[in-house]
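Please read the following with the model open beside the text. The account goes from sheets to helices and then to backbone details.

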Amino acid sequence: MPETILWNFTPENTEKAGAVLRQGGLVAIPTETVYGLAANAFDGEAASRIYAAKGRPSDNPLIVHIASLDQLPALVTEVPEAAYRLAERFWPGPLSIILPRSDKIPDQVSGGLDTVAIRMPAHPAAAAVIRAAGVPLAAPSANLSGSPSPTTAQHVARDLWGRIDGILDGGACEVGVESTVLTLVGDVPRVLRPGGVSVEQLREVLGNVEVDQAVLHRLEPDRTAASPGMKYKHYSPRTRVIIVKGGFAAFQKFVGNKKDCAALCFDCEGEQLDIPFIEVGREHDGAAQAHLLFDALRRVDELGVSTVYARCPDTQGVGLAVVNRLLRAAAFTVVDLDGAAVIGLTGPTGAGKSTVAELLQKKHAFAWIDADQTARGVTETGSPLLPVLAGQFGEDILDESGALLRSRLAERAFSSPEKTALLNRLTHPAVTAKISDEIARLSAAGSKAVVVDAAALFESGIDKLCSFTAVVSASEPVRLKRVMARDGIDEESAGLRMKAQLSAAEYEKRADVIVRNEPPFDLAAETEEIYKRYKELTENE
Ligand code: TXA
Ligand code: MG
């Protein structure tokens, strides 16, 4: 374990940091975007230590930082004219340009790719350290892999103290999100990661610029990422983050009905809410939001709630980078308050929730999602969740073709309450995100309301996506008979199955509407209570 030194940014300390870097050490340095964890870009072994310190997958390449344009030609096999035009306009600054790499760049830096990303940072401390080191510096963001990028020396210290040789403290980073990553390899320049330089600005210089599909959309399983960093979960607090699209009035109403949650909202909005909040800049000011975002994401876990609802910024200018980072923090879970109303439907087994969902579908044309089926989908072969589960529960939960052996996983996961909780913590966010995709699809296809039928609505957190929730309820003897008849099982097995769920009282306590499905209640009339609630909700809008 190295002894980490914290240096203030002075000429003397800059020289010291430069010397450590020349000798193959690791130093965190401030840049205008975020803090970077630097090493000599020509030293493959030093670069390997970066991956180890961050816990970063080694196929994710590093950006090489230079202090002047004359350092560029040695790093790449050719410098297209477009690169010079971009450098002229945006360097030093928050733009990384991908070019074909020269053989001076070790494999460890390029993650095995035949290209390399180059950037000239604008922060005076970064430029001074590169000069002091006398070599270009390979530097990813100076955070532990998976956590938000650091925008202060304190953030770096929290993640990497004892794992690196030094931290040069240059104060808070101005831009706050990482550089724009643009590739010039290929026919049309393409943004792989939006950042401090906006797509609009790039188009002013280059004309045609594409934005990679992965910037705003989840990668489909098995599709290779143009930028390896895009495929990893990023920027995530432990608290679940859900992005909420729509106006502030609708947001206020939506969170007003929720417990155990907080808001990530725009300036002047927090005090109008009755829940804890963090404000992240003015509504249409992408630059201000970018500056505050990562610090906010680091503080989210201090709010003491299970879910934080984030107002969705617009994608103009640097706003695109803010939305891109938020989507990753939220694992792409989005609620659209301008879209279909979402009704969470649950209840203990045998109460008849599917019957209720069907009634709503027939009578009111509500769409219907079977969450159990969706849940099975997240563990399909090729799903990014499978390697994560294999890492935790053993590689042998997958067969040779990579398919999940469900019973083996179940055996391992249900062997202790801790392991069951771990399985849930890993799978529930993926299920919720997928349900949010299905809701968006049904909403885009014209559904005015979507019923999400989920036995574990509350346990899985799917209720967090819903405008309101309803429970279908029936007394225990009635349910017992129904389960025995439906599944052809004896009283004992039916009883066991019922015991594994929340108690009926627990369901009723948590739900907004209760639908009684047993005599003397009339199920059609009871179900209309859900419709009435939906009407109330949508009418006074
Ligand atoms: O602002 C920034 O860019 C900061 C500061 C320290 O300069 N650095 C930074 O580095 O954010 P890092 O490693 O956290 O992110 C680099 C991103 C990753 O998503 C990586 O996959 C991508 O750039 N990248 C780097 N080289 C690439 C290449 N040759 N081809 C495709 N993507 C590349
Ligand atoms: Mg990073």
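The paragraphs below treat strand pairing, helix packing and a few backbone torsions in turn.

This is a predicted model, in which local features need pLDDT of at least 70, side-chain atom pairs count only at pLDDT 80 or more, and totals for chains, interfaces and linings use all residues. Residues are numbered from 1 along each chain as its sequence is written, chains are lettered from A and ligands numbered from 1 in the order in which they are written, and side-chain values use heavy atoms, with hydrogens and water left out.

Helices (H or I, at least four residues) and strands (E, at least two) are DSSP runs, numbered from the N terminus. Two strands pair if DSSP finds at least two bridges between them. Strands of a sheet pair through backbone hydrogen bonds, either parallel or antiparallel.

Eleven strands form an open sheet with mixed pairing, in the order 1-8-2-3-7-4-6-5-9-10-11. Its edges are strand 1 (5-8) and strand 11 (210-211), each of which pairs on one side only. Within this sheet, strand 5 and strand 9 (residues 180-183) are parallel and share four bridges; Ser96 stands opposite Val181 in strand 9. Helix 1 (residues 11-22) packs on the sheet and touches strand 1, strand 2 (27-29), strand 3 (36-40), strand 7 (137-138) and strand 8 (166-169). Contact here means heavy atoms within 4.5 Å. The direction of helix 1 makes about 140° with that of strand 1, where angles run from 0 to 180 degrees between N-to-C directions and axes are lines fitted to C-alpha atoms, for helices over the stretch in contact.

Strand 13 (residues 261-265) has five of its five residues buried. Buried means under 20% relative accessible area, exposed over 50%, and partly exposed in between (1.4 Å probe, protein chains only). Cys261, Ala263 and Cys265 lie on one covered side of strand 13, and Ala262 and Leu264 on the other. Strand 13 runs parallel to strand 15 (residues 307-311), with four bridges, and Leu264 stands opposite Ala310. Strand 13 also runs parallel to strand 14 (residues 277-279), with three bridges; there, Cys265 has Glu279 as its bridge partner.

Strand 21 (residues 513-516) presents another arrangement: Val513 and Val515 make up a covered face, Ile514 and Arg516 an uncovered one. Four bridges join strand 21 in parallel to strand 20 (residues 468-473), and Val471 stands opposite Ile514.

Turning to helix packing, the axes of helix 9 (residues 286-299) and helix 10 (residues 319-329) come within 8 Å and cross at roughly 25°. Helix 9 contributes Gly286, Gln289, Ala290, Leu293, Phe294 and Leu297 to the contact, and helix 10 contributes Gly319, Val322, Arg325, Leu326 and Ala329.

Some backbone details lie in loops. The peptide bond from Trp91 to Pro92 is cis, with omega near -5°, and Pro92 lies between helix 3 (81-90) and strand 5 (95-100). A cis bond also links Pro519 to Pro520, with omega near 5°; Pro520 lies in the loop between strand 21 and helix 20 (523-539). Ala331, in the loop between helix 10 and strand 16 (334-336), has a positive phi near 50° without being glycine. Its relative accessibility is 21%, so Ala331 counts as partly exposed. Ala365 likewise has a positive phi, about 60°, and is exposed at 55% relative accessible area.
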